[in-house]
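Please examine the sequence and the predicted model shown below. A short report on selected features accompanies them.

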Amino acid sequence: MDCRQCASPLERPGDYCLVCRTPNADAVVLELDRDHATLTMLDDEEVVGATDITTTPEDGGEAGVVELRNFAGRVADEVRRKRPEEVYAAGDRQVLRAARGQLHHSFYRISDGDDDPVEAVLARRGDRALEVVEASPAEKLGGSHSTLIGNRAGRKAIQTVAGHPHVKKIIPGPIDAGGSGSRTGVRAKATRADENGNVRLLLRDGSSVQENRVVTTAMDRERGERVRADLNDALAEAELQ
C-alpha cells in the first residue's frame with residue numbers, strides 16, 4: 001500500500017506515513033481470538049487493509065503470562081503504527097484486556113452478538129459521531145451526594161464509567177440499605193438508556209444499593225444504548241459484573 005497523500009510506499013496497510021506525516025487510517029477494528037488476531041484498518045467508512053497476527057498459547061503459569069503479554073504487545077504495536085483516532089475490539093476478553101492495557105486510544109467494545117465486527121463498526125461510524133468529553137474521570141463526578149458504596153470497588157466502578165469518552169458527568173444518588181443481601185461483593189450495571197441517551201449506574205454491595213445518574217453525549221435512546229453496552233462491557237472486563 002502507498003500513502004494516500006504523498007504516494008510513498010508503506011511497510012504495512014494503513015501505516016502512518018513518516019514521509020508526509022499523514023495518517024492513512026483513522027480507526028482499527030480488532031477481532032481477537034486467543035491464538036489469532038485480525039486488525040482491519042478503516043479510513044472514514046472505507047476498509048484500507050488488514051493484518052493478521054498469530055501466537056501459540058501456553059498453558060498457564062509464568063510461560064502463559066509472558067506469552068499472552070507478548071501477543072497483546074504485538075497487537076498493540078501494530079495499532080500504534082497506524083496512529084488511529086479510535087480502536088474497536090471484539091472477541092477473547094483476556095486478549096482484549098491485555099491489549100487495551102498497552103494502548104492509550106479511544107477504545108470501544110463491539111458486541112459479541114455482531115457476526116461481522118467490521119460491518120458493525122462501519123454502520124456505527126455512518127451515524128453522526130458523538131461528542132468526546134476530554135475531562136478526567138475525577139472532573140466528571142458531581143452532585144450533592146459524595147458517598148459511594150463499595151469502598152475501593154465502588155470507586156473502581158465509577159472510574160471505569162467516568163473513563164468512557166462519551167460520559168459527561170456522573171451524579172451519585174442516595175444509598176438505599178433496604179435491599180436483599182448478597183455475598184457476591186460489589187456489582188455494577190448500567191441500565192437501559194432514557195429518551196435523552198442518559199443511563200443509570202446501579203451499584204450493589206450486600207444489601208445496599210446506589211443508583212447513580214450517568215449523563216452522556218448520546219442525546220437519544222438508540223445512541224445511549226450503545227454507550228450503555230460499552231459501559232457494561234467495560235464493567236465486565238473490570239470484573240464488576
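Residues are numbered from 1 along each chain as its sequence is written, and side-chain values use heavy atoms, with hydrogens and water left out.

**Sheet**

Five strands, 5 in number, form an open sheet in the order β3-β2-β1-β4-β5, with mixed pairing. Strands (E, at least two residues) and helices (H or I, at least four) are DSSP runs numbered from the N terminus, and two strands pair if DSSP finds at least two bridges between them. Because β3 and β5 stand at the edges with a single partner strand each, one side of each is left without a neighbour in the sheet. Neighbouring strands are turned by 20° against each other on average, direction ignored; axes are lines fitted to C-alpha atoms, for helices over the stretch in contact, and angles run from 0 to 180 degrees between N-to-C directions.

Strands β2 (residues 36-43) and β3 (residues 46-54) run antiparallel and are joined by 8 bridges. They form a hairpin with 2 residues between them, and D44 in the turn has a positive phi of about 60°. Two of the bridge partners are listed here.

| Residue | Bridge partner in β3 |
|---|---|
| H36 | T54 |
| T38 | D52 |

**Helices**

Helix α2 lies across β1 (27-32), β4 (86-91) and β5, running at about 170° to β5. The axes of α2 and α5 come within 11 Å and cross at roughly 95°. This makes α2 roughly perpendicular to α5, a term for angles of 65 to 115 degrees. In their contact (heavy atoms within 4.5 Å), R93, L96, R97 and R100 of α2 meet D233, A236 and E237 of α5. By class, this contact has 2 nonpolar, no polar and 5 charged residues.

**Largest pocket**

The largest pocket has a volume of about 430 Å³. A pocket is an open set of points on a 1 Å grid where a 1.4 Å probe fits, with protein on both sides within 12 Å along at least five of seven lines; lining residues have an atom within 4 Å of a point. Of the 17 lining residues, R100, H105, F107, G163 and H164 are the closest to the centre. Helix α5 (221-237), α2 (93-100) and β5 (106-109) each supply at least two lining residues, and α5 gives the most, with 4 residues.

Note on methods
This is a predicted model: local features need pLDDT of at least 70, side-chain atom pairs count only at pLDDT 80 or more; totals for chains, interfaces and linings use all residues. Grid points are joined across faces, edges and corners, and a volume is the space filled by probe spheres set on the points. Angles under 35 degrees count as roughly parallel, over 145 as roughly antiparallel, 65 to 115 as roughly perpendicular and the rest as oblique. Ala, Val, Leu, Ile, Met, Phe, Trp, Tyr, Cys and Pro count as nonpolar, Asp, Glu, Lys and Arg as charged, and the others, Gly among them, as polar.
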